[in-house]
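Dear colleague,

Please find below the structure that I am handing over to you.

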Amino acid sequence: MNAKNDLKEHLKTCERLLIGIGEEWKRPEAEVIPAYDSLYRLTEGKDFFIVTTVTDGRIFKSGIDPARIVAPCGNDSWQQCRDACTKDIWEPGEVPDGVCPHCGAPLIPNTVAAEHYIEEGYLPQWQAYTRWLAGTLNKELLILELGVGFGTPTVIRWPFEKTAFFNQKSHMYRINERFSQISQEISGRAVPVSDNSVEFVRGL
Ligand SMILES: [Zn+2]
């Protein structure tokens, strides 16, 4: 069986497309650009949503509709107050001196690495995502899990398994160089592909 051709067929026929992007995509920009270009092409015209744990913000330069992307681990280019005195989040250049206008503490990247991570940066999109996901239950759902390891499994890996388990019309591809293993409960609907997901997507 050729997983790539099989996946391409599912891409043509699916009613909904759910994509998860993980650790394998934490690579220099030049290496991931062609893969994001490819993702843009394959999501075009689709009813899709993308969840990413990558914080480099590169996906937001890909042309993919940001209304269909959620980045729960944050974004390196957005800034928050180090002491979280406010839930404000600033875009690059909005606060040129890099100091919190409210309390004078330094501004730091708005990501999970922050000691006091301000989740307001992604929560509106997370709500949009959960609404979208609720609407996929009886649809032909194609799930592409791309390079998601065990760094933050509660964000993509485990919930995607649950989604594949409950949606009997779903098909899932777990594409991962090292961690493509599939649990018994979803083995009928999920296909492990032991390839690097960035390379794999670039070749789609
Ligand atoms: Zn502050």
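Four donors count as tetrahedral if all angles between them lie between 85 and 135 degrees. In this predicted model, the zinc ion has four donor atoms with angles of 104 to 118° among them, so by that rule the site is tetrahedral. The protein donors are the SG atoms of Cys81, Cys85, Cys100 and Cys103, which lie 2.2 to 2.3 Å from the zinc ion. Along the chain, these donors follow the spacing C-x3-C-x14-C-x2-C.

Turning to the domains, the protein is divided into domain 1, which comprises 3-72 + 122-202, and domain 2, which comprises 76-117. Five residues from domain 1 and four residues from domain 2 take part in the contact. The C-alpha centres of domain 1 and domain 2 are 29 Å apart.

The interface may be described as follows. About 390 Å² is buried between domain 1 and domain 2, and carbon and sulfur atoms give 50% of this area. On the side of domain 1, the residues that lose the most area to domain 2 are Thr55, Pro72 and Tyr122, which together account for 73% of what that side buries. By class, the side of domain 1 that touches domain 2 has three nonpolar residues, one polar residue and one charged residue.

As for specific interactions, two residue pairs are in polar contact across the interface of domain 1 and domain 2, both at pLDDT 80 or more. The count of salt bridges between domain 1 and domain 2 is zero.

With kind regards

Definitions and conventions
Residues are numbered from 1 along each chain as its sequence is written. This is a predicted model: local features need pLDDT of at least 70, side-chain atom pairs count only at pLDDT 80 or more; totals for chains, interfaces and linings use all residues. Side-chain values use heavy atoms; hydrogens and water are left out. Domain bounds come from an automatic or database domain assignment. Contact means heavy atoms within 4.5 Å. Buried area is the accessible area (1.4 Å probe) that two parts lose on being put together, summed over both. A salt bridge is a side-chain nitrogen of Lys or Arg within 4 Å of a carboxyl oxygen of Asp or Glu. A polar contact is a pair of N or O atoms within 3.5 Å; within protein, one must be able to donate a hydrogen and the other to accept it, and residues adjacent in sequence count only if both atoms are side-chain atoms. Ala, Val, Leu, Ile, Met, Phe, Trp, Tyr, Cys and Pro count as nonpolar, Asp, Glu, Lys and Arg as charged, and the others, Gly among them, as polar. Donors are N, O and S atoms within 2.8 Å of the metal (3.2 Å for Na, K and Ca); water is not among the atoms, so sites may look incomplete. Four donors count as tetrahedral if all angles lie between 85 and 135 degrees; four count as square planar and six as octahedral if opposite donors are over 155 degrees apart and all others between 65 and 115; anything else is irregular.
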